[in-house]
Amino acid sequence: MEKLNVTVNGKFMSVDVDPELCLADFLRDRLFLTGTKIGCGKGECGACTVIMDGKAVTSCIIPVMRAEGSVIETIEGVSDGDKLHPIQEEFINKGAIQCGFCTPGMIMSSKALLDRNNDPTADEVKEALGGNICRCTGYVKIEEAVMSAAERMRNGETSK
Amino acid sequence: MKYVIAQSAEEALKALKDAEGRGTIIAGGTDVMVELHEGERTAEVLVDITKAADLRGIRIDGKEIVIGSAATLSEIASDPIVRQYYPSLCKGTGSVGSLQIRNTGTLVGNIVTAQPAADGAMSVAPLNPVIVVRTFDGEKRLKISDMYVGFGKTALDTSKELVTEIRIPVPEKDEKASFVRLELRKSLSLPMLNAAAMVKYSENKVVWARITMGPVGVGPTRAAAAEEWLKGKELTEENMAEAGRLALKDANPRSNPLRGSREYREHSLPIIIRRVLEDIKAQF
Ligand code: FES
Ligand code: FES
């Protein structure tokens, strides 16, 4: 066991962890933040995407100790209670969700992009979401959702 | 398992020494983690170098661009120094995996995993990089061709050795580089073929050319026959096409069920080499 100091969704914690865990397992099994999904477990599908120190990363291949001293944001931290973030609302409004398994990862990748650049080009959206695979929607509606969320964020909307 | 977060190269080497061969360096970990989980690799001690200040960042030192071994592919792809001198290296590093992978993976890792078509390694290969390795009793400087001993096999012993940085000469005005990949899809997929080149071109003559290609051998493979033939020649359509054909002399592609048969790759390689040269020509 090793000591890990980390901030998850705004809460600082100092916990003992098994260093063999990946970050996704830690989030899901220790913190019960099961919104982060595990698809491939190899960094190839993006379902486990979380934001670590402002950057989108696939948490299934991040050793948990890598999170030492970092700030992690998961899908559970995106809304403000029941008030959804514009990205979440636009995914719903545009029909960018079908089975929903890819959605938390898609939203975290989108948020990492829009937090830094709320006026992205279509190419920038595609680059940001290139590592997120969806087997249902065909991506067009996802791109539309990100674009309209960007517009709302440019107008100052957030969840908080 | 023990996880050591090294704050410097010195600390990383000490941790390796203490582990007595049962440790391994981990940078981005995008490959190491998968191998550990699938049981393809064992390690009792992981030595994480991502927080080592002296291994991070990208800088100019005299006439060299120095890329720390903990610099991520994303950092390199968006770095203003790299963009100014070697846009092709931005393109190559920006083609690996996905944004999430590039946010954690490193260029050195992309070399050390020794995949013959790794985009980052391919794009840096013709730039004449020097790979600086620290061992328990000193330092050695390797060329990119020294880094590969077989398919997917690195020459480096990551239980004893640590790459600290890659040093790339700043190009002269008459030297340009390029990188091209033939891809099934942009993200999360190795290319069917990739190639890179650097050419010194003076008074409409090739002074020298370095052309690398993959996956057609162990690591980025030099198109030696094409390089030799190009010397003293102008980069005309015919000459670039001929260099493409000559590249086949040094290429031995395998068939891959996902990324193209040997025949397909042999058919396409001359076109990819021609494109790499056309891209260089367009920069003059
Ligand atoms: S589960 Fe992490 S990328 Fe697929
Ligand atoms: S909605 Fe089903 S995988 Fe994307």
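These legends go with a set of close-up views of a predicted model.

**Figure 1. The five-stranded sheet of chain A is open and mixed in its pairing.**
Let us start with the strand order, which reads β2-β1-β5-β3-β4 in chain A. β2 (11-17) and β4 (55-58) of chain A are the edge strands; each has a single partner strand, so one side of each lacks a neighbour in the sheet. On average, neighbouring strands here are turned by 40° against each other, direction ignored.

**Figure 2. Strands β1 and β2 of chain A run antiparallel.**
Strand β1 (residues 2-8) of chain A is joined to β2(A) by seven bridges. To find your way along this pair, look for A:Lys3, which has A:Asp16 of β2(A) standing opposite. Strands of a sheet pair through backbone hydrogen bonds, either parallel or antiparallel.

**Figure 3. Two helices of chain A meet the sheet strands.**
Helix α1 (residues 23-30) of chain A lies across β1, β2, β3 (49-52) and β5 (71-73) of that chain. The helix α1 of chain A runs at about 100° to β2(A). Helix α3 (residues 103-116) of chain A also packs on the sheet, where it touches β3, β4 and β5 of chain A. The direction of helix α3 of chain A makes about 30° with that of β3(A).

**Figure 4. Chain B has an open, antiparallel sheet of five strands.**
Here the order is β4-β5-β10-β6-β7 in chain B. At the edges stand β4 (58-61) and β7 (138-143) of chain B, each pairing on one side only. From one strand to the next, the twist averages 25°.

**Figure 5. A hairpin in chain B is made by β4(B) and β5(B).**
Two residues lie between these strands, and B:Gly62 in the turn has a positive phi of about 60°. Four bridges join β4(B) to β5(B), with the two running antiparallel. One handy landmark is B:Ile60, whose bridge partner in β5(B) is B:Ile65.

**Figure 6. On to the pairing of β5 with β10 in chain B.**
Strand β5 (residues 64-68) and strand β10 (residues 162-169) of chain B pair over five bridges in the antiparallel sense. Among the residues to look for is B:Gly68, which has B:Glu165 of β10(B) as its bridge partner.

**Figure 7. Chains A and B meet at an interface with 26 residues of chain B in contact with 26 residues of chain A.**
The area buried between the two chains is about 2200 Å², and carbon and sulfur atoms give 56% of it. B:Met1, B:Tyr3 and B:Gln100 supply 28% of the area that chain B buries against chain A, more than any other three residues.

**Figure 8. Polar and charged pairs cross the interface of chain B and chain A.**
The rule finds three salt bridges between the chains. In one salt bridge, B:Glu38 joins A:Lys42, and the closest N and O atoms are 3.6 Å apart. On the side of chain B that touches chain A, the elements that give two or more residues are β1 (2-5), α2 (32-37) and α6 (99-104) of chain B. Of these, α6(B) gives the most, with six residues. The residues on this side of chain B divide into ten nonpolar, ten polar and six charged.

Terms used
Residues numbered from 1 in each chain as written. Chains lettered and ligands numbered in written order. Predicted model: local features only at pLDDT ≥ 70, side-chain atom pairs only at ≥ 80, totals over all residues. Heavy atoms only, no water. Pairing = 2+ DSSP bridges. Axes fitted to C-alpha atoms, helices over the stretch in contact; angles between N-to-C directions. Contact = heavy atoms within 4.5 Å. Buried area = accessible area lost by both parts, 1.4 Å probe. Salt bridge = Lys/Arg side-chain N within 4 Å of Asp/Glu carboxyl O. Polar contact = N/O pair within 3.5 Å; in protein donor to acceptor, adjacent residues only side chain to side chain. Nonpolar A, V, L, I, M, F, W, Y, C, P; charged D, E, K, R; others polar.
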